Amino acid sequence: MTTSEKYVTAAYLVVLAVVLLYVVIYSFKMARLSQEIAELAELARARADRNPEREPEQAPVA
Amino acid sequence: MSLRNRSGPALAVCAFALLLGGIALVFWWAPTDADQGFSQKIFYIHVPVALTAYACFAWGAWKALRLLWTGNERHDLESYTAIHMGTIFGVLTLVTGAIWARISWGVWWSWGERQLVVFLILFLFYSAYFMLRYSIDPGPRRARTSAVYALFGVVLIPISFLAIRILGTLLHPAVFTRDGVGMTGSMFVTFLVVLAGMLCLGFALYHTELAGKRLDARLRELRRALA
């Protein structure tokens, strides 16, 4: 591999590495958000169990 | 405000196809430059990355203007996300540019090159945006201050782009001039394919990041409501 080829490969790999790093960071963020949703669902369920006489509210359709 | 990210997946598929095709064209179709040799292939990644950074900063400024014009705070998050993406592409521009400079000029950086210095100022200006934003408590004041700052920065984009055309240059090449495009047809087509792919990638990341930030904000609201 010539010096030019090494530098060109490095430039393209840097871009690929940054995009992959972004995907990895984003997957951690998604895992955190999923965890938060699970915690909030648990909290809502516990609250519903404490007030069983109350009618469940209709969930808004997105 | 919808949490659905409709454009993100379609843009991501377009970005993947165009970048894969574009890189194949770079290495198997576009001719090797007679002057710079094989190292000129960096042009096909460096310039589209730089133009995507400019596009993200300009989009951030446009959303900032919309915020100031309409007062709708949803534009604040859009402006912030676009500048966030512009900064990532700005880092890539500086890194790929430094690699190209090292092989072409023998140095990683040249302070005598006006376009390089103006781009660095633009990048540092938008990096400071985050310091300003997080030094103010969330709310309308932060949104307005960030929007005004984002609008000031956009002035640097045409200066950066036109620097080498107006002021002249010692080392940095100017491919797009008033006389036309300084490359062959196959080189230009290859460049356009990679540029389209990079713009799709930039906006796919923008939509994905924006959807994540909106979801985060909604979850914070829900947690407050349930507390």
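**Entry 1: chain A**

I looked up the elements of chain A and found one helix and zero strands. Helices here are DSSP runs of H or I with at least four residues, strands are runs of E with at least two, and both are numbered from the N terminus. The model is predicted: local features need pLDDT of at least 70, side-chain atom pairs count only at pLDDT 80 or more, and totals for chains, interfaces and linings use all residues. Residues are numbered from 1 along each chain as its sequence is written, while chains are lettered from A and ligands numbered from 1 in the order in which they are written.

I then checked burial in chain A. Buried residues make up 5% of its 62 residues. A residue is buried if 20 or more other C-beta atoms lie within 10 Å of its own, exposed if 12 or fewer, and partly exposed in between, with C-beta atoms placed from the backbone.

**Entry 2: A:Val18**

I picked A:Val18, which is found in helix α1 (residues 3-50) of chain A. A:Val18 has 16 other C-beta atoms within 10 Å, so it is partly exposed. Apart from neighbours within four places in sequence, A:Val18 is in contact with B:Ile88 and B:Leu92. Contact means that the C-beta atoms of two residues, placed from the backbone, lie within 7 Å. From A:Val18 to A:Lys6 I counted 12 residues in sequence and 18 Å in space, C-alpha to C-alpha.

**Entry 3: where the chains meet**

The contact takes 21 residues from chain A and 26 residues from chain B. On the chain B side, α2 (43-70), α3 (74-104) and α7 (185-226) each supply at least two residues. α7(B) gives the most to that side, with nine residues. By class, the side of chain B that touches chain A has 16 nonpolar, six polar and four charged residues. Nonpolar covers Ala, Val, Leu, Ile, Met, Phe, Trp, Tyr, Cys and Pro; charged covers Asp, Glu, Lys and Arg; the others, Gly among them, are polar.

α1(A) and α3(B) pack at an angle of about 175 degrees, with their axes 10 Å apart. Axes are lines fitted to C-alpha atoms, for helices over the stretch in contact, and angles run from 0 to 180 degrees between N-to-C directions. That angle makes α1(A) roughly antiparallel to α3(B), a term for angles over 145 degrees. Among the residues that make this contact are A:Tyr7, A:Val14 and A:Val18 of α1(A) and B:Ile88, B:Leu92 and B:Trp100 of α3(B). By class, it has 12 nonpolar, three polar and one charged residues.

Which residues touch the most other members of the largest nonpolar core? I found B:Val49, B:Cys56, B:Phe57 and B:Val194, in a core of 58 residues. Such a core is a set of buried Ala, Val, Leu, Ile, Met, Phe, Trp, Tyr and Cys residues joined through C-beta atoms within 7 Å. α2(B) supplies the largest share of this core, 15 residues.

α2(B) itself has 20 of its 28 residues buried, so it is largely enclosed by the rest of the structure. It reaches 40 Å from its first C-alpha to its last, close to the 40 Å expected at 1.5 Å a residue; the expected span is 1.5 Å times one less than the number of residues. Just after α2(B), B:Gly71 takes a positive phi of about 75 degrees.

How values were computed. Angles under 35 degrees count as roughly parallel, over 145 as roughly antiparallel, 65 to 115 as roughly perpendicular and the rest as oblique.
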